[in-house]
Amino acid sequence: MTLFGYSLEQIFLVVLIFGGLATLLIMFFGDAVEGIGEGLPIFNPSVILSFITLMSATGFILEKLAFFPSVWNIVAACIIGAILSALFYLFVLVPLRSADVSLAYTEESLGGQLGKVIVPIPTDGFGEVVIETTSGMISKRATGFDNEAIDYDTTVLVVEVKEGTLFVRSYDKKFS
């Protein structure tokens, strides 16, 4: 079957190439068009481009293998493209959108956290405490809240954070 003087196989291939290039552009400049898909998920540029790319790839393969007439290949390509892009939306884009974990932390967010002393804290001096967070391990300078000495491998509670220094107290589990 020919369309506009080109075979359907050639048209699918050209659409596949342009869909792939548009996907690359969306990857690099996606923040500029991020709000387009907020109202209806079907208008999300990632979903539209995934449909175009998957549909044209399926159509190209079906035309290349030529199992069915071209009209059936177009219908099958559209159905397969719609199913695969729906799965892409449900299993990739929705979980990514709901993932709200940030690698950044603020000093204020360290207050109330539990940590372990890795460098003993002397009286009226500084040691080091490591705190485990969702973004990994954070090692910070620490001093005793009441200027007390705290031994190595003691679990401590961060009471306050000032100018990059954690003010900590020994943490006793029986009071929690």
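On the face of α1 turned away from its buried side, you'll find the exposed residues Phe18, Leu25, Phe28 and Phe29. Exposed here is over 50% relative accessible area, buried is under 20%, and partly exposed lies in between, with a 1.4 Å probe and protein chains only. Please keep in mind that this is a predicted model: local features need pLDDT of at least 70, side-chain atom pairs count only at pLDDT 80 or more, and totals for chains, interfaces and linings use all residues. Residues are numbered from 1 along each chain as its sequence is written, and side-chain values use heavy atoms, with hydrogens and water left out.

So which residues of α1 are buried? They are Leu8, Phe12 and Gly19. Looking down the axis of α1, these buried residues fall within an arc of 40°, so they line one face of the helix; the arc is taken from the directions from the helix axis to the C-beta atoms. They pack against β2 (6–7), α2 (45–65) and α3 (70–98), where contact means heavy atoms within 4.5 Å. Helices (H or I, at least four residues) and strands (E, at least two) are DSSP runs, numbered from the N terminus.

Now, over to the strands. β4 (residues 127–133) and β5 (residues 136–144) pair in the antiparallel sense over seven bridges; pairing requires that DSSP finds at least two bridges between two strands. They form a hairpin with two residues between them, and valine 130 sits opposite serine 139 in β5. With β7 (residues 165–170), β5 pairs in the parallel sense over three bridges, and there threonine 143 has phenylalanine 167 of β7 as its bridge partner.
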